[in-house]
Amino acid sequence: MTPVNSALAAPLDNDKLAPLVDALVECGWFVGESFIDAELCQALYDELMTLAAHDALDAAGIGRGKQHSLRRDIRGDAIHWLDRETLPQRQYLATMGTLQHELNQALYLGLFEFEAHFAHYPSGAFYKKHVDSFQGRANRVVSTVLYLNPDWPANGGGEMALFDISDPEREVARILPRAGTFACFLSETVPHEVLPTRLPRASIAGWFRRNASLGGLIDPAR
Ligand SMILES: O=C(O)CCC(=O)C(=O)O
Ligand SMILES: [Fe+2]
């Protein structure tokens with residue numbers, strides 16, 4: 001496993017945060033290359049590949065709580081929830097803490113929690129077009145994805161396609177899953193899809209949540 005120098009958990013400075021906030025306001029999504037420190041990405045990649053090699057990932061499903069089900073025809077990744085177990089995880093979660101603070105300060109989003117999982121898409125896997133949160137069950141507010149593969153060839157597939165908020169058939173961006181690239185978008189309104197990958201694809205998907213306990217019922221995080 002690659003050692004991570006704690007000095008490297010470069011905090012997100014205003015040069016990075018300001019364009020992200022502006023893009024979220026203007027179009028509902030943001031993508032930045034080399035957004036997260038390369039050495040931290042490498043350590044997170046090593047951690048995920050070790051979990052994959054030890055068969056320590058869980059097949060991902062759709063829906064939460066009692067509605068949870070495995071649908072390989074919809075999504076084919078395997079996941080592991082971040083639990084602060086390792087230094088790289090804690091560094092990434094601290095970075096997302098900085099982003100949460102900024103989003104609350106700048107946009108009054110009232111985000112109170114960040115949940116995230118490693119995701120490993122084997123060759124051939126995909127995730128069909130979807131939104132991450134349903135209106136009315138306000139829970140996930142801002143979605144994030146950090147890509148971890150050190151190299152990604154142009155013909156590797158596995159791009160994330162983003163679609164227009166008001167015209168879900170219109171593709172507005174296609175993002176190569178290359179280490180350091182960070183995407184975020186509004187969870188309730190931005191349709192997106194993972195195109196079939198030709199290579200094992202490594203990422204961390206995460207969500208900033210608002211407290212959505214309704215009528216005394218606990219809203220399950222997962
Ligand atoms: O990995 C990606 O590019 C997106 C993953 C995604 O949409 C999800 O996990 O909800
Ligand atoms: Fe998604």
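**Helix H2 and its surroundings**

H2 passes H3 in a left-handed crossing, and in this predicted model that contact is made by Leu 40, Ala 43, Leu 44 and Glu 47 on the H2 side, and by Pro 88, Gln 91 and Tyr 92 on the H3 side. The two helices pack at an angle of about 130°, with their axes 9 Å apart, and since angles over 145 degrees would count as roughly antiparallel and 65 to 115 as roughly perpendicular, H2 and H3 are therefore oblique to each other.

Let me stay with H2 for a moment. The buried residues of H2 are Leu 40, Cys 41, Ala 43, Leu 44, Tyr 45, Glu 47 and Leu 48, and they pack against helix H3 (87–107), strand E4 (113–121) and strand E11 (201–209). After H2 comes Asp 55, which has a positive phi, near 55°.

That brings us to the sheet, where 7 strands, in the order E1-E9-E6-E11-E4-E3-E2, form an open arrangement with antiparallel pairing. Strand E1 (29–32) and strand E2 (58–59) stand at the edges, and because each has a single partner strand, one side of each is left without a neighbour in the sheet. Within the sheet, strand E6 (residues 140–147) pairs with E11 in the antiparallel sense over 7 bridges, and Tyr 147 stands opposite Ser 203 in E11.

Finally, helix H1 (residues 14–27) lies across E1 and strand E9 (182–186), and runs at about 145° to E1.

Definitions and conventions
Residues are numbered from 1 along each chain as its sequence is written. Chains are lettered from A and ligands numbered from 1 in the order in which they are written. This is a predicted model: local features need pLDDT of at least 70, side-chain atom pairs count only at pLDDT 80 or more; totals for chains, interfaces and linings use all residues. A residue is buried if 20 or more other C-beta atoms lie within 10 Å of its own, exposed if 12 or fewer, and partly exposed in between; C-beta atoms are placed from the backbone. Helices (H or I, at least four residues) and strands (E, at least two) are DSSP runs, numbered from the N terminus. Two residues are in contact if their C-beta atoms, placed from the backbone, lie within 7 Å. Two strands pair if DSSP finds at least two bridges between them. Axes are lines fitted to C-alpha atoms, for helices over the stretch in contact, and angles run from 0 to 180 degrees between N-to-C directions. Angles under 35 degrees count as roughly parallel, over 145 as roughly antiparallel, 65 to 115 as roughly perpendicular and the rest as oblique. A crossing is left-handed if the near helix is turned anticlockwise from the far one by less than a right angle, and right-handed if clockwise.
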